[in-house]
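Here are my notes on the structure, written as numbered points. Please read them with the model open beside you.

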Amino acid sequence: MSAMPRNSFVKLNASNKNAPGHSGSRKDAIYIMHSTTNGFTPEIIKGYEKVLNRFPGEHKRKSKTDADVLCPVHDDHNPSLGVDLRHNGAGLKVVLNCRSQGCGYSEILQAVGLTDADLELQENGIAYGCTLEAYAASKNLPMEFLTSNDVALADGTCYVKEEGKEIPAVEIPYADRDGELLTNRYRIAVGGDDKFRWEKGSTTTLYGLHKLEEAEKAGYVLLVEGESDCHVAWYRGLPAVGVPGVDNWRDAWALHLDRIPKIFVMVEPDEAGKKLWRALVGCNALAGRLRKVVI
Ligand SMILES: [Zn+2]
C-alpha cells in the first residue's frame with residue numbers, strides 16, 4: 001500500500017463510489033446473514049408469535065416456528081390447527097392447516113380477525129452475526145489488509161442479549177496514538193441498524209488514533225463515521241479517524257486533532273450526517289479547521 005499524494009483526495013470524493021464514507025450501510029443491506037438456528041430472525045419470530053396469539057385457547061408449541069392451536073372454525077377440543085412459519089417462494093408466511101376437518105383458509109382467517117396479508121412476515125428484522133470474511137466482502141476490502149498489523153481485525157464472538165448467546169462477531173481493536181490496544185468494539189451484524197457492541201468496561205474514543213502521526217505529517221485528516229469508512233480510507237492510503245456513531249462525538253476528543261490543520265468531515269446526506277456535522281461545528285476547538293465533504 002503506497003501513500004496517495006495529497007491532492008488526489010479531492011478527486012476521490014468527486015466520483016469514486018468507493019470513496020471513504022460512501023454509504024457502507026446501504027451496501028451492507030444486501031449481505032443479510034441469518035444467525036438464528038433455523039434461519040429466522042428474532043423479529044420474524046416475534047411476528048409469528050403475534051399471529052399465534054390471535055388464536056384463543058390451548059396452544060401446543062412444537063418448536064420456535066411450529067404450533068398446533070384450537071381450530072376456530074370447527075368444534076375443536078384437541079389442538080388440530082397447524083400454525084407454522086414457512087419459507088415460500090415470495091418470502092416468509094404463516095401457514096394454516098386444519099388437520100382434523102380441513103376447514104377453509106378464509107374462514108379460519110375471518111374467525112380470528114386476520115387477513116392473508118397479516119400472515120406474510122416481512123424480513124426486516126436484524127440479522128445478527130458477522131464474520132471477518134462477510135465483512136471484507138461487504139466492504140470489498142481484502143482480508144490481508146483487514147488482518148494486517150495496521151488494522152488487526154479478527155474473528156471473535158460477542159454476547160448479544162437480543163439473541164441470548166454468543167454470536168460470531170468481528171473484533172475491532174481501538175488503539176491509542178502509539179498503537180497500544182485501548183479496547184475492542186465488536187461488529188455483530190453485517191447490515192441493519194444494530195451493528196456494534198463495545199467490550200465491557202470500554203471508554204469510547206475515536207477510532208484510528210494510531211493514524212494521527214500520519215495525519216499530522218500529511219496536514220489533514222478525514223473524519224468519518226464509524227470504523228468501516230476508516231478501513232476504506234486507510235486502504236487507499238488516506239489518514240482517517242472515525243467517530244464511533246454520530247451520537248458519540250465528544251468535544252474532549254478534539255484534543256487528538258490539535259496538530260492537524262485541515263479536517264475533512266465526510267458527511268453522509270442523511271439525518272445522522274447532519275447531526276455529526278452540527279456536533280463538530282459546535283466544538284470550539286475545531287473552529288476554522290473543518291471542511292465539509294458531502295458524500
Ligand atoms: Zn377446523
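1. A salt bridge is a side-chain nitrogen of Lys or Arg within 4 Å of a carboxyl oxygen of Asp or Glu. The side chains of R86 and D66 form such a contact, with N and O 2.6 Å apart. This pair ties together distant parts of the chain, since R86 lies in strand β3 and D66 in strand β2, 20 residues apart. Bear in mind throughout that the model is predicted.

2. Are the two partners buried or exposed? D66 has a relative accessibility of 14%, so D66 counts as buried. R86, at 35%, is partly exposed. The cut-off for buried is under 20% relative accessible area, and exposed means over 50%.

3. The structure holds 16 salt bridges. One of them joins D68 to K62, where the closest N and O atoms are 3.3 Å apart. D68 counts as buried because its relative accessibility is 8%, while K62 counts as partly exposed at 49%. Through salt bridges with shared partners, K62, D68 and R99 belong to one network.

4. Another salt bridge connects E213 and K217, with 3.7 Å between the closest N and O atoms. Both residues sit in helix α7 (residues 212-218), and the four residues that separate them amount to about one turn of the helix. E213 is partly exposed at 46% relative accessibility, whereas K217 is exposed at 68%.

5. Which residues hold the zinc ion? The ion is coordinated by C71 (SG), H74 (ND1), C98 (SG) and C103 (SG), at 2.0 to 2.3 Å. Along the chain these donors follow the spacing C-x2-H-x23-C-x4-C.

6. The four donor atoms subtend angles of 104 to 118° around the zinc ion, so the arrangement is tetrahedral. For comparison, the ideal angle for four tetrahedral donors is 109.5 degrees.

7. Next, follow the open sheet of four strands, whose order is β6-β7-β8-β9 with antiparallel pairing. Its edges are β6 (154-160) and β9 (196-198); each has a single partner strand, so one side of each lacks a neighbour in the sheet. From one strand to the next, the twist averages 45°.

8. β6 and β7 (residues 165-175) run antiparallel and are joined by seven bridges.

9. I172 has R185 in β8 as its bridge partner. Five residues lie between the strands of this hairpin, where G179 takes a positive phi near 85°.

10. When looking at the side chains of the sheet, remember one rule. In a regular strand they alternate between the two faces of the sheet.

Terms used: Residues numbered from 1 in each chain as written. Predicted model: local features only at pLDDT ≥ 70, side-chain atom pairs only at ≥ 80, totals over all residues. Heavy atoms only, no water. Pairing = 2+ DSSP bridges. Helix = DSSP H or I, 4+ residues; strand = E, 2+ residues; numbered from the N terminus. Axes fitted to C-alpha atoms, helices over the stretch in contact; angles between N-to-C directions. Donors = N, O, S within 2.8 Å, 3.2 Å for Na, K, Ca; no water. Tetrahedral: all angles 85-135°; square planar, octahedral: opposite > 155°, others 65-115°. Buried < 20%, exposed > 50% of the residue type's maximum accessible area, 1.4 Å probe, protein only.
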